[in-house]
Amino acid sequence: MSGNGLVSSLRRLIGAEERLGRSTPSPFDQLRQQMNDVLGDEGILKEVVQPGEGPPVPQNASVLIHYSGFLEYSDLPFETTTHRKYPQMMKLGRDVTLAGLELGLLTMKKGEFSRFLLQPQYAYGDMGCPPLIPAAAVVLYEVQILDFLDSGQVDDFIAMSPEDQNTVPLSTLFEVVNTLRSFGNRCFKQSRYDNAKDRYKQATKLLGNRETQSGAEVEGIKTALLPLYLNLSLTELRLDCPHKALKYGNKALEIDSANTKALFRCGQAYLELHEYESAQGCLITAQAKKPFDCDINNLLRKVAICYKDSLDKQKDLYSKMFRDLRGK
């Protein structure tokens, strides 16, 4: 975000003009000269600083954005998300409360960085928002779209009855499932594992409710379920629930018995459960598929060490028991 530098630069230009005795426009008036009118009423003006790519943000989408809001003649934002490592996913129509900001977001593409100048009727109104925002204030927002998901499609699909969901093309169901999985992945990256699990399970439920009509549809459902089971297995490991992780790993193996990720997840779960022989069995099978995979080989060595330690402890325990019996 460069609003701080932008406002400072405009103020320096104005100061230079004033020293020369010239009347100069205000900082926001300067900006208006290089902005486009979004709606045709000059209420929302836009300048694209860095173009994005792909389609624009759809209605009712959930957006991941960095933004900063500025008042005229102010170098510091009155609100900003740029200090956050993981900005919050915001749903249009619910979490984005400024009409001008929401309408501006609908013109943006993924990766885009733009500035918006909002008149009071599209921002905080004639009353403002004391003490931060004065009455009838024009505000500048700098916005960068990091990512967005078409959650409106998900909301519409989930609102349907199970019967109506079965009449929707299978391709639409897969789009909804992929969006839910993307939501889950986003939560997982932010270490919000319970939220991630809820998204993955919601997707598996929608797939499980589908009444398939042909062998091709059955295979399509299985293909969509496989990454969800793998994600759920890893998420349960992060939540220290190895029994559940093993359950989802085995579900993945039911779909693809040679899947190395599923074998690896099961190996991890068995290790956490101290079932070292079972862990070795899964990992040796995975190693046969990918003999040079560092993660598999490292975990296999760890299992071997833990298994040996376990056997040594058992041996010491039995030896002590026999010594005690002989002593008696």
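How many helices and strands does the secondary structure of the protein come to? It comes to 12 helices and 9 strands, where helices (H or I, at least four residues) and strands (E, at least two) are DSSP runs numbered from the N terminus. The model is a predicted one, in which local features need pLDDT of at least 70 and side-chain atom pairs count only at pLDDT 80 or more, while totals for chains, interfaces and linings use all residues. Residues are numbered from 1 along each chain as its sequence is written, and side-chain values use heavy atoms, with hydrogens and water left out.

**View 1. The protein as a whole.** Of the 328 residues in the protein, 44% are buried, a term that stands for under 20% relative accessible area, with exposed meaning over 50% and partly exposed in between (1.4 Å probe, protein chains only). The accessible surface comes to about 18000 Å², and 50% of it belongs to carbon and sulfur atoms; such areas come from the Shrake-Rupley method with a 1.4 Å probe, and for residues only the protein chains shown count as cover. Among contacts (heavy atoms within 4.5 Å) with a separation of 6 or more, 65% join residues 24 or more positions apart.

**View 2. Helix α4 and its cover.** Helix α4 spans residues 151-159, and Ser151, Gly152, Val154 and Phe157 in this helix are buried. The cover over the buried residues of α4 includes the strands β4 (62-71), β6 (89-91) and β9 (139-149), together with the helices α5 (162-165), α6 (170-189) and α7 (193-209).

**View 3. Leucine 180 in helix α6.** Leucine 180 has its place in helix α6, and it counts as buried because its relative accessibility is 0%. Not counting residues up to four places away in sequence, leucine 180 touches Val154, Arg199, Gln202, Ala203 and Leu206. Leucine 180 and tyrosine 200 are 20 residues apart in sequence, and their C-alpha atoms are 6.8 Å apart in space.

**View 4. The largest pocket.** A pocket, on a 1 Å grid over the protein atoms alone, is an open set of points with protein on both sides within 12 Å along at least five of seven lines, whereas a cavity is a set where a 1.4 Å probe fits but cannot get out; lining residues have an atom within 4 Å of a point. The largest pocket has a volume of about 390 Å³, volume being the space filled by probe spheres set on the points, which are joined across faces, edges and corners. Its lining holds 19 residues, and Ser62, Met89, Arg94, Phe183 and Arg199 lie nearest the centre. At least two lining residues come from each of β6, α4, α6 and α7. By class, the lining has 6 nonpolar, 6 polar and 7 charged residues, where Ala, Val, Leu, Ile, Met, Phe, Trp, Tyr, Cys and Pro count as nonpolar, Asp, Glu, Lys and Arg as charged, and the others, Gly among them, as polar.

**View 5. The second largest pocket.** This pocket holds about 150 Å³ of space, and its lining includes Leu237, Cys241, Gln268 and Lys302. Helices α8 (215-238), α10 (260-272) and α12 (294-327) each supply at least two lining residues, with the largest share, 3 residues, coming from α10.

**View 6. The largest cavity.** The structure holds 1 cavity of 30 Å³ or more, and the largest cavity has a volume of about 40 Å³. Among the residues that line the largest cavity are Phe157, Pro162, Leu206 and Arg210, and α5 and α7 each supply at least two residues of this lining.
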